[in-house]
Amino acid sequence: DGKINLVGYRTQMMTRLSAEFAHELRNPLTIIKGFLQLSEYTKEYEKYQPVILSEIDRMYTILENYLTMSFRKCNYKEMNPDALCKSIISLLSAECMVNKVNFDYDVTYSENYCKIDVNKMKQVMINLLRNALESFEGQVFEKKIFFRGSVEDKGYRFSLSDNGPGMDTDVLNNLGQPLFTTKSKGTGIGLSLCKKIIAEHRGTFCVSSIPHQGTTVSFFLPFVSP
Ligand code: ADP
Ligand code: MG
């Protein structure tokens, strides 16, 4: 009956997830090991350090994504959206500096509060940032990322823009599907996870993109009534 099917589905899903999880972690681990050996051999530690750090970050993202995917419930706190913007900005500016990307932001203050699970929202931002950074691969002109926090009628909007290659309609139409990716090393988990987290916050998620110009991903969180 339905119950058994559901258990079967969950087991199947978990088996698939753990296989993918192992597969995905092996990739950055191999790179880290390779670069550590290389730096030992050439003594050029500074040269390889950024790659090693960014691969370790990738492992964090993968790990966090799987944890959220499988277990963690939301742990909400009523907080000012500015507080979230502050921690997002410090995260973004550090990452952009390491990746030689020009970063700028504009945040509007609001007296209202939103119900926020800070760790999950940071995870959303990390996923969006990773996508923006990955989209820059091979880009020769200056790479730019812009973060905006703006007050709207009944809530607060957080948006991240990049001047990467953007997406054509074909890709845009498929974005909602879990496991959809255009990358050889991609998992297609990032955006569907972001959507899930925003939906849990009773918010909305929106992607707009123009080919050869860039992408803006934004999410809206409703204010809690005073
Ligand atoms: P993954 O990053 O593992 O491919 P995601 O769910 O994070 O999975 O993203 C799905 C797809 O959406 C990507 O493969 C890419 O084609 C597209 N995409 C997402 N963000 C951007 C972006 N900022 N610029 C261009 N394409 C993007
Ligand atoms: Mg991604």
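## A hairpin to start

Strands β4 and β5 are joined by a hairpin of three residues. The two strands pair in the antiparallel sense, over seven bridges. Two of the pairs can be picked out by name. V151 has Y156 in β5 as its bridge partner. S150 has R157 in β5 as its partner.

This is a predicted model. Keep that in mind while you trace the strands and helices.

## The chain as a whole

The protein chain has six helices and seven strands. Along the sequence, they follow the pattern α-α-β-α-β-β-α-β-β-α-α-β-β. The radius of gyration is 19 Å, close to the 17 Å that the globule rule gives for 226 residues, so the chain is as compact as a globular protein of that length. The C-alpha trace spans about 60 × 55 × 35 Å along its principal axes.

## The five-stranded sheet

What is the order of the strands in the open sheet? It reads β2-β4-β5-β7-β6, with five strands and mixed pairing. The edge strands are β2 (102-107) and β6 (204-210), and each of them pairs on one side only. From one strand to the next, the twist averages 10°.

Strands of a sheet pair through backbone hydrogen bonds, either parallel or antiparallel. In a regular strand, side chains alternate between the two faces of the sheet.

Start at the β2 edge. Strand β2 pairs with β4 (residues 144-151) in the parallel sense, over six bridges. One pair to look for is F103 with its bridge partner I145 in β4. Next comes the pairing of β4 with β5, which is antiparallel.

Then β5 meets β7. These two strands are antiparallel and share eight bridges. Here S161 stands opposite T216 in β7. I210 stands opposite G214 in β7. β6 and β7 also form a hairpin, with three residues between them. In that turn, H212 has a positive phi of about 70°.

The crossing is right-handed.

Which residues make the contact between α3 and α4? On the α3 side they are L84, S87, I88, L91, L92 and E95. On the α4 side they are V118, M121, K122, M125 and L129. By class, this contact has eight nonpolar, one polar and two charged residues.

## Around ligand 1

How many residues surround ligand 1? The count is 21. The closest are N131, T181, G186, G190 and L191. Two elements give two or more residues to this shell: α4 (118-135) and α6 (190-200). The largest share, four residues, comes from α4.

What classes of residue make up the shell around ligand 1? It has six nonpolar, 13 polar and two charged residues.

## Putting it together

Notes. Residues numbered from 1 in each chain as written. Chains lettered and ligands numbered in written order. Predicted model: local features only at pLDDT ≥ 70, side-chain atom pairs only at ≥ 80, totals over all residues. Near = placed C-beta within 6 Å. Nonpolar A, V, L, I, M, F, W, Y, C, P; charged D, E, K, R; others polar. Left-handed = near helix turned anticlockwise from the far one by under 90°. Contact = placed C-beta atoms within 7 Å. Pairing = 2+ DSSP bridges. Axes fitted to C-alpha atoms, helices over the stretch in contact; angles between N-to-C directions. Rg over C-alpha atoms; globule rule 2.2 N^0.38 Å.
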